[in-house]
Amino acid sequence: MENPFSIEKFRNLPESGLTEVYVNKRFKLYFDPKDLALFVDRSNGNVPLRSLPYHHRSADVGISTIIHENDAKRKNVYCQFDIKGGGFLFPETHESKKMGVQAGDLAGSPEAHIFPDSPETAWGYDALGLLDERLTKNTIFNANILSAAGMRIEGIVAVYRTDTLFINGEDVSVIDFKKEAIFRFRALAVEAQTVEEKKQYREMAVNIKEEFQPVVMIRAMRSIFRLRDFKNATCNERDVMLKEACENVNMEMKALRRDEHFSVESEEGKKEFLRFIIHWYGKNVGLMHGVGMVHAFLHMGNLSLAGEIVDLDSVQKVIVEKKGVVRINPDIGRFQNMDERFGLPKCILKDMREICFSVKILLRNDFRQYRPEMCHELIDGYLLGLGESEPFERIGLSAEKCRQVFRIIAQEVVAEGHHMPPVQPDILVPV
């Protein structure tokens, strides 16, 4: 079957300008991961990578091969390499409701573009096409904990800081790129109408100068396709995605010497493969909650077609203790209060609602008839992952309460197809 996806040209970043931030020694690689420190260069690029419309700063090698990550706590097998932070792809279709960006607004943007108003980062701006080194630290920390817990997640292979970018076919130093961004933010501060806005832009300019550093991250996955890709694909593209993900899982199972084998050539085969990945979605969330953590963004863009959870920079511990006082982690943001209907912290409820809603969307149209039994698979996975742990007892929340609420949400959303509105953030009270 012909591959219907786009190919972009990339180029190796200058080795002299790369600084190793992290290399995962658990991976048994047949090459230096630095060889995959690539950046998009449509003028001079000589390395073709596969790119997908909703992946605006990542692309993959496009070849499936066995990759082992082993130590005493884990024996993972991955199949594909993904490069994240390698330039702004598909700027003409980039959209973000949170940033007020509609498709077409950023058409013609260069390979790296700093957007000045982003609610998704603590520093208030987003470097489109680039990966901020600060985000990778939490990702690496979380990946180590969650993979050791048995979750099916992306594997972080390596991270490299770069002092060079490729913009409009030219080598541009990160220093010069930052200088231009700082100049623009200072100009925005001058043009701003309020004292508060002026202050924010000045602070962002300082932050870019002192804190911002782009890196390239090399990741391993069992499938680079996300549920969002699958949802918005054509029929032909969906067939390609499902077949590739299935073949990768079969490669993984064979390497692990397991008997499981799947085929998506028939409706029954597709059903069994869906059963496998949906069970893992539930189990992943249960395992994550079992170690006292939440993801906060379990939407379709962070769930792979091989049953993985990816993009782990948002994962946080639910409970923190300071000076003997136990409380909900303030780093979770505006999802700390208890939900009125279910009596769960909103951050936990948000994970439950989003995984169930994502599975509901996956099962629409051709797979709608499987909803009741896939609902049970999702619930069974969650219960198995959570096990007998009591991760939230210090805030008076029992695991049994979590089980009860997950059953209710899965039944209403997945099995019965009802709409459940997004969990609303806490209302900020003026000081």
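This is a predicted model: local features need pLDDT of at least 70, side-chain atom pairs count only at pLDDT 80 or more; totals for chains, interfaces and linings use all residues.
1. Helices 2 and 3. Two packed helices are described by the angle between their axes and the distance between the axes. Helix 2 covers residues 174-191 and helix 3 covers residues 195-210; their axes come within 8 Å and cross at roughly 170°. Angles over 145 degrees count as roughly antiparallel, and helix 2 is therefore roughly antiparallel to helix 3.

2. Residues between helices 2 and 3. On the side of helix 2, the contact is made by K178, A181, I182, F185, R186, L188, A189 and V190. Helix 3 answers with K198, Y201, R202, M204, A205, I208 and K209. Sorted by class, this contact of helix 2 with helix 3 holds 10 nonpolar and 5 charged residues, and no polar ones.

3. Helices 6 and 7. The axes of helix 6 and helix 7 lie 11 Å apart, and the packing angle is about 175°. These two helices are therefore roughly antiparallel to each other. Helix 6 brings L274, I277, I278, Y281, V285, M288 and H289 to the contact, where they meet I348, D351, M352, I355, V359 and L362 of helix 7. The classes here are 11 nonpolar, 1 polar and 1 charged.

4. Strands of a sheet pair through backbone hydrogen bonds, either parallel or antiparallel. In this model, an open sheet of 3 strands has the order 3-7-8, and its pairing is antiparallel. Which strands stand at the edges? They are strand 3 (27-28) and strand 8 (75-78), each of which pairs on one side only.

5. Pairing within that sheet. Strand 7, residues 67-70, pairs with strand 3 over 2 bridges in the antiparallel sense. Within strand 7, E69 is the residue that stands opposite F27. Strand 7 also pairs with strand 8, again in the antiparallel sense, over 4 bridges. H68 has V77 of strand 8 as its bridge partner. Strands 7 and 8 form a hairpin, with 4 residues between them.

6. Rolling a probe the size of a water molecule over the atoms shows where empty space is left. The model has 4 cavities of 30 Å³ or more, and the largest cavity holds about 60 Å³ of space. Its lining consists of R57, T121, W123, Y125, D126, A127, L130, L131, D132, L135 and F212. Strand 11 (126-128) and strand 12 (131-132) each supply at least two residues of this lining. By class, the lining of the largest cavity divides into 7 nonpolar, 1 polar and 3 charged residues.

7. The second largest pocket. This pocket contains about 300 Å³ of space. Of the 16 residues that line it, F230, R238, R364, D366 and F367 are the closest to its centre. Two or more lining residues come from each of helix 4 (227-232), helix 5 (235-255), helix 6 (267-290) and helix 7 (346-362). Which helix gives the most to this lining? Helix 5 does, with 4 residues. The lining of the second largest pocket comprises 8 nonpolar, 1 polar and 7 charged residues.

8. A link between two points.

Key
Residues are numbered from 1 along each chain as its sequence is written. Side-chain values use heavy atoms; hydrogens and water are left out. Axes are lines fitted to C-alpha atoms, for helices over the stretch in contact, and angles run from 0 to 180 degrees between N-to-C directions. Angles under 35 degrees count as roughly parallel, over 145 as roughly antiparallel, 65 to 115 as roughly perpendicular and the rest as oblique. Contact means heavy atoms within 4.5 Å. Ala, Val, Leu, Ile, Met, Phe, Trp, Tyr, Cys and Pro count as nonpolar, Asp, Glu, Lys and Arg as charged, and the others, Gly among them, as polar. On a 1 Å grid over the protein atoms alone, a cavity is a set of points where a 1.4 Å probe fits but cannot get out, and a pocket is an open set with protein on both sides within 12 Å along at least five of seven lines; lining residues have an atom within 4 Å of a point. Grid points are joined across faces, edges and corners, and a volume is the space filled by probe spheres set on the points. Two strands pair if DSSP finds at least two bridges between them.
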